[in-house]
Amino acid sequence: MSDIDTTEPGRAWLFGDDIDTDQIIPSRFLVSSDPEELGEHAFNDLRPDFAENVADGDFVVGGENFGSGSSREHAPLSLLGAGVDGVVAQSFARIFYRNGINLGLPVLICPAADRIDDGDEISLRLEEGTVVNHTRDERYDADPLPGFLQELVDSGGLKPYTKAKLGTK
Amino acid sequence: MTGKTVSEKLLSEKSGEDVKAGEYVEASVDVMMTHDVTGPLTFEVFEDVTGDDAALSDPDSTVITIDHHAPADGVEAANNHNIVREFAAEYGAQQYEVGDGICHQVLVEEGFVDPGDLVIGADSHSTTFGGVGAFGTGVGSTDLGTAFATGDLWFRVPETLRFEVEGDLPEGVYAKDLILKFIGDVGFAGCTYMTAEYAGSAIDDLPVHERLVLSNMAIEMGGKAGILEPDERTVDFLEAQTGRNVDIPDWTQADDDAAYEAVHTYRADDLAPQVSKPSNPENAVDVGEVEGTPIDQLFVGTCTNGRYEDIRIVADIIEGEQLAPNVRMVVVPASRSVYKQMMDTGVMGTFVDAGAIVQSAGCGPCFGTHQGVLGDGDVCLATANRNFPGREGSMESSVYLASPATVGASALYGEITDPRSVDLNRYDDYVLTEGTA
């Protein structure tokens, strides 16, 4: 895991439609909550070369309904642990999207995500809602976060937001 | 000014704001739940955000079960169970043990959920509670860990898809067939970010154990919740189950002029038993299309169809018979209470005599790690809710989803079989008919 900077270009790892959380992190690895350990098994069965070759600052690109199925927060956590700086998809399943925002994993809904090829170099401009494809020299519009969620992200995610609310030192 | 859906009313009530779909609220949560898989991460978040003053906002309504890796299938799972026990003891949460049952079933049986409640669980099938008229929704561990501390959580007020079924369900068609049909029609993501409301005369007639099936699998079309408006039957069921007489709050009833994203209407007469083919619940077809598909394993159980009434339907079909040669059947009751009813009514003996395996209550092979996982090339017909690649074991295995009746009939022939070819029963809620069923 490293500090996230979505404006730095990274490799796009392409996945298809309806990638469920069992595919992102198979259930047999859920005995751990450690991001780095989970990261070693991200996409373990679906794409065994992913965890081996993913580099800090890379991006995951999905089709429709990315992150469907179980609510396991281990799924976005495994991607953070693997060094992924963000997920771009044509659409997300609800709980994965929510977990991503709560954890500080950038998640961007981009209808043109199907223009991205596996191995393309991309970067994200979160505030504008733009995906830049450096390999193809293209830019795609993405949905910026709604106001309430942007506030949550700006305060660093749900944990810092809650700490402020509770006055936790 | 149009009226409101159940979700709009309930989230208005719980947030103290008058809201409609698309707005964001912070709402007060009535019941919170986690288990041995999502629990440890939830506890870390809770202790991080609370620091030195860690206290649960409502220990009496904070429930933790041990159901996924239960009994422990390895040392790491056993250690996670101990983390659950220690956390519950330290903070006074309501903890249930290995063998007590699946979180969703335990919450209903033990009376934690009332009509009109807002319930969050760190498990995607928390939509189940809509079967008793609550807004149940699955959340992540960060959501739940912070809510443990504050009692509140942020929500986007969802739009609603309404499914209406009119008439009497034909022979062999159960709630499971309805929900597989709905998922097949709108697709795996067809209800994403939305609530599914179920209504119509066929739905009104459903016993509570079948209503829970419709709500449970709302998540398989992406649903945030799946709600039936509670009625007298809900009240009778909860009184028989928990000994408490509950009210039906007015915010659980949709307005006649509520605005829906879409309304899907069905005539019960037109419906046939459904089977979802590998490897997505949306691959629902009439049973006739897959009849004759050879199977290696039958799985009866899960938070979808592991209740006594489900298991009884299977037992009625196989009573006095043997499983077809070369087929194995795994039965996993949804709770200790279901297990006990199976013993008291002789259903346990029926399974053992037929050659089936009956295991302790919990999630069983639906979690894909234990108690009967599938090998390469294995084909399973399950009363479960998910058939993703590898869900019940090998990535090279396949899972078909169906009702208990279809699974029971198929057990006799070793291939997918139309349940209408055997004698079938349909049960009211066992707790309402105990002694007469």
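Student: At what angle do helix α7 (residues 158-166) of chain A and helix α2 (residues 39-50) of chain B pack?
Tutor: The model is predicted, with local features needing pLDDT of at least 70 and side-chain atom pairs counting only at pLDDT 80 or more, while totals for chains, interfaces and linings use all residues. Residues are numbered from 1 along each chain as its sequence is written, and chains are lettered from A and ligands numbered from 1 in the order in which they are written. Helices (H or I, at least four residues) and strands (E, at least two) are DSSP runs numbered from the N terminus, and axes are lines fitted to C-alpha atoms, for helices over the stretch in contact, with angles from 0 to 180 degrees between N-to-C directions. The axes of α7(A) and α2(B) lie 9 Å apart, and the packing angle is about 40 degrees.

Student: Why is α7(A) oblique to α2(B), and what is the handedness of the crossing?
Tutor: Angles under 35 degrees count as roughly parallel, over 145 as roughly antiparallel, 65 to 115 as roughly perpendicular and the rest as oblique. The helices pack at about 40 degrees, and that makes α7(A) oblique to α2(B). A crossing is left-handed if the near helix is turned anticlockwise from the far one by less than a right angle, and right-handed if clockwise; the way in which α7(A) passes α2(B) is right-handed.

Student: How is α7(A) oriented to helix α5 (residues 141-150) of chain B?
Tutor: The axes of these two helices come within 10 Å and cross at roughly 5 degrees. That angle makes α7(A), relative to α5(B), roughly parallel.

Student: How many residues of chain B are in contact with chain A?
Tutor: On the side of chain A that touches chain B, α1 (21-24), α5 (94-103) and α7 of chain A each supply at least two residues. The contact brings 36 residues of chain A against a number from chain B, which is 43.

Student: Which element gives the largest share of the side of domain 1 of chain B that touches domain 2 of chain B?
Tutor: Chain B is divided into domain 1 (6-267) and domain 2 (274-433), with bounds from an automatic or database domain assignment. In their contact, 38 residues of domain 1 of chain B are set against 35 residues of domain 2 of chain B. The elements giving two or more residues on the domain 1 side are α4 (103-109), α6 (175-186), α8 (208-216) and α9 (232-242) of chain B, and the largest share, 6 residues, comes from α6(B).

Student: Which are the edge strands of the open sheet in chain B?
Tutor: The sheet has 4 strands in the order β10-β9-β8-β11, with parallel pairing, where two strands pair if DSSP finds at least two bridges between them. Its twist averages 20 degrees from one strand to the next. The edge strands, each of which pairs on one side only, are β10 (225-228) and β11 (262-267) of chain B.

Student: What is the bridge partner of E197(B) in β10(B)?
Tutor: Strand β9 (residues 195-199) of chain B runs parallel to β10(B), joined by 4 bridges. The partner of E197(B) in β10(B) is I227(B).

Methods: Two residues are in contact if their C-beta atoms, placed from the backbone, lie within 7 Å.
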